[in-house]
Amino acid sequence: VAREVVRVVTPGTLTEDQLLSARRHNYLAAIAKNGSDFALAWADITDGSFHTAPCDAKSLPALVARIEPAELLLPDTLADLPVLTTIREDLGDRITLLSRLKFDAEAGERLLKRQFSVSALDGYGNFSRAEIAAAGGVLSYLELTQKGKLPALQPPSQQMQTGIMLMDAATRRNLEIVETLSGEHQGSLLHAIDRTATATGGREIAEWLRSPLTDVSAISARLDGVSYFAGSADARARVRGVLRR
């Protein structure tokens, strides 16, 4: 029998249902830096979601705290940057250091084009070089751990941080939004209000709570939807019935 390593299991590349919560994303994230610009890319291989976000040094810790990655990839050249001190303290052994060569923007662009069978990335967004480097870092790590068999991922979606309130990790812990200070789900804000009918809905409401809106028109639109279903029991029951199936 031929023997070979077919997969390397890490916190950010888990797919086994019994090891994961169906109502929480299991993100593999990567930080890259190009000049003075930083970027974060993150993917969940259980549902194929793939995102990038440009940011500056000041907002980077809050962005990482919002994503709550199961594993964070860092170029070894950035490991000792003072701006990453808070992130290193918060994530501890969830950080994986890789060679800076894994975060080369040109190599990342080639990887992305090959993965999504396109000749240019313009159709997906106006990505910065740092975003491309971070996304390339995620893909190269998946290629390494999955031994060349990359999971099905959606094309990268750029998330701008405008319109979203950023909170640092300490603030999030003390607010007990998705888990209590003791690390339990029961007793958190999410546990108190989550009445979603599906695991996907549970993930969505958790994302909403982690990313409070600051744009008045977006808040009003969301409240209009809530108001409609709150005032129409029949519509609410029909939709929940469809979602359950």
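**Entry 1: the hairpins**

I began at the turn between strand 2 and strand 3, which form a hairpin with four residues between them. Gly 48 in that turn has a positive phi of about 85°. I take helices (H or I, at least four residues) and strands (E, at least two) as DSSP runs, numbered from the N terminus. Two strands pair if DSSP finds at least two bridges between them.

The model is a predicted one, in which local features need pLDDT of at least 70 and side-chain atom pairs count only at pLDDT 80 or more, while totals for chains, interfaces and linings use all residues. Residues are numbered from 1 along each chain as its sequence is written, and side-chain values use heavy atoms, with hydrogens and water left out.

I then listed the partners across strands 2 and 3. Strand 2 (residues 37-44) and strand 3 (residues 49-55) are antiparallel, with seven bridges. Leu 40 has Ala 53 in strand 3 as its bridge partner, and Ala 43 has Phe 50.

The other hairpin is made by strand 1 and strand 2, with two residues between them. Gly 35 sits in its turn with a positive phi of about 65°. Strand 1 (residues 28-34) runs antiparallel to strand 2, and seven bridges join them. I noted Asn 34 opposite Asp 37 and Ala 32 opposite Ala 39, both partners being in strand 2.

The six strands form an open sheet in the order 5-4-1-2-3-6, and the pairing is mixed. Strand 5 (95-98) and strand 6 (157-158) are the edge strands, each pairing on one side only.

Strand 2 has seven of its eight residues buried, so it is largely enclosed by the rest of the structure. Strand 1 is mostly covered, with five of its seven residues buried.

**Entry 2: Phe 50**

For its surroundings I used contact in the sense of heavy atoms within 4.5 Å. Leaving aside neighbours within four places in sequence, Phe 50 is in contact with residues including Trp 42, Leu 112, Phe 116, Ala 135, Val 138 and Leu 139. Leu 153, Gln 154, Pro 155, Pro 156 and Ser 157 are also among its contacts. I also checked Phe 50 against Gln 186: they are 136 residues apart in sequence, and their C-alpha atoms are 29 Å apart in space.

I found Glu 68 with a positive phi of about 50°, although it is not a glycine. Glu 68 lies in the loop between helix 1 (60-67) and strand 4 (71-75). At 27% relative accessibility, Glu 68 counts as partly exposed.

Ser 117 is another non-glycine residue with positive phi, near 55°. Ser 117 is in the loop between helix 3 (105-116) and helix 4 (129-145). With a relative accessible area of 68%, Ser 117 is exposed.

**Entry 3: overall figures**

The protein has nine helices and six strands. Its C-alpha atoms fill a box of roughly 55 × 50 × 40 Å along the principal axes. The radius of gyration, taken over C-alpha atoms, is compared with a globule rule of 2.2 Å times the number of residues to the power 0.38. For 245 residues a compact globule would have a value near 18 Å, and the protein's 19 Å agrees with this.

Of the 245 residues, 41% count as buried. Of the contacts with a separation of 6 or more, 63% are between residues 24 or more positions apart. The accessible surface, from the Shrake-Rupley method with a 1.4 Å probe, comes to about 13,400 Å², of which 53% belongs to carbon and sulfur atoms.

For charges, I counted Lys and Arg as positive and Asp and Glu as negative, without His and the chain ends. Each charge is placed at NZ of Lys, CZ of Arg, CG of Asp or CD of Glu. The mean positions of the 28 positive and 30 negative charges are 4 Å apart.

Notes
Buried means under 20% relative accessible area, exposed over 50%, partly exposed in between (1.4 Å probe, protein chains only).
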